Amino acid sequence: MLERIKESFTESIQTKIDALEALPESLEKAANIMVQCLLNGNKILSCGNGGSAGDAQHFSSELLNRFETERPSLPAIALTTDSSTLTSIANDYSYSEVFSKQVRALGQPGDVLLAISTSGNSDNVIKAMEAAVNRDMTIVALTGKDGGAMAGLLSDRDEEIRVPSNRTARIQEVHLLAIHCLCDAIDRTLFPQQED
Ligand SMILES: O=C(CO)[C@@H](O)[C@H](O)[C@H](O)[C@H](O)COP(=O)(O)O
Ligand SMILES: [Zn+2]
């Protein structure tokens, strides 16, 4: 057991080292997309399943409340939190529609969708991306593995942050770091004078 735990630490550290090579440029582009969206008075919607639902909420709470510095609240909505909406859409239509219906209701041109999936193949996240394209929104996709079907849906205006790993847990661990990098970049660009 001890060996297994140590292996998980080593693998997680190695995935972050690999991500340090692969991800900074896409993270910078994604941060710029989000900053521009917020400067234009738009908002960021986020979604994902399981651990990625937690990540979607982690991100929105850091915008709505705060990350590390005192600054005004920023507009973000996690599409994973309203159990009445989620269960009724899943019950009346299909689980694959739970995010896309909300995107069609809440998404405005210029908003950003933060779409999170380690496989890039979750149907409800893919349908949310399709709805976002129809709403003239920009997409930031946090993915892993080979990017899955999500990678094929992105256009030049969008950005994919694809963690170089095939293991869901390791990918999720880097997704959280990526989310914190995005929050840090947003805060430092929008509020350069604020104290830590
Ligand atoms: O947290 C974990 C595994 O670490 C799970 O809850 C995981 O998020 C779920 O199996 C998700 O349904 C996986 O979806 P995805 O990342 O492939 O989109
Ligand atoms: Zn997990």
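Student: Is Glu160 buried or exposed?
Tutor: The model is predicted: local features need pLDDT of at least 70, side-chain atom pairs count only at pLDDT 80 or more, and totals for chains, interfaces and linings use all residues; side-chain values use heavy atoms, without hydrogens and water. Residues are numbered from 1 along each chain as its sequence is written, while chains are lettered from A and ligands numbered from 1 in the order in which they are written. Buried means under 20% relative accessible area, exposed over 50%, and partly exposed in between (1.4 Å probe, protein chains only). At a relative accessible area of 18%, Glu160 is therefore buried.

Student: With which residue does Glu160 form a salt bridge?
Tutor: A salt bridge is a side-chain nitrogen of Lys or Arg within 4 Å of a carboxyl oxygen of Asp or Glu. The partner of Glu160 has its closest N and O atoms 2.9 Å apart from it.

Student: How many salt bridges does the structure hold?
Tutor: Side chains of opposite charge can pair when their charged atoms come close. Arg170 and Glu173 meet in this way at 2.9 Å, N to O, and Glu11, Arg167, Arg170 and Glu173 are linked in a network of salt bridges. The number in the structure is 10.

Student: What is the N to O distance between Asp184 and Arg188?
Tutor: Asp184 and Arg188 are four residues apart in helix 8, so about one helical turn separates them. Asp184 is partly exposed, with a relative accessible area of 27%. The two form a salt bridge, and their closest N and O atoms are apart by 3.1 Å.

Student: How much of the accessible area of ligand 1 does the protein cover?
Tutor: An oxygen atom of ligand 1 is 2.6 Å from an N or O atom in the side chain of Ser119, and an oxygen atom of ligand 1 is 2.6 Å from an N or O atom in the side chain of Ser122. Of the 450 Å² of accessible area (Shrake-Rupley method, 1.4 Å probe) that ligand 1 has on its own, the protein covers 61%.

Definitions and conventions:
A polar contact is a pair of N or O atoms within 3.5 Å; within protein, one must be able to donate a hydrogen and the other to accept it, and residues adjacent in sequence count only if both atoms are side-chain atoms. Helices (H or I, at least four residues) and strands (E, at least two) are DSSP runs, numbered from the N terminus.
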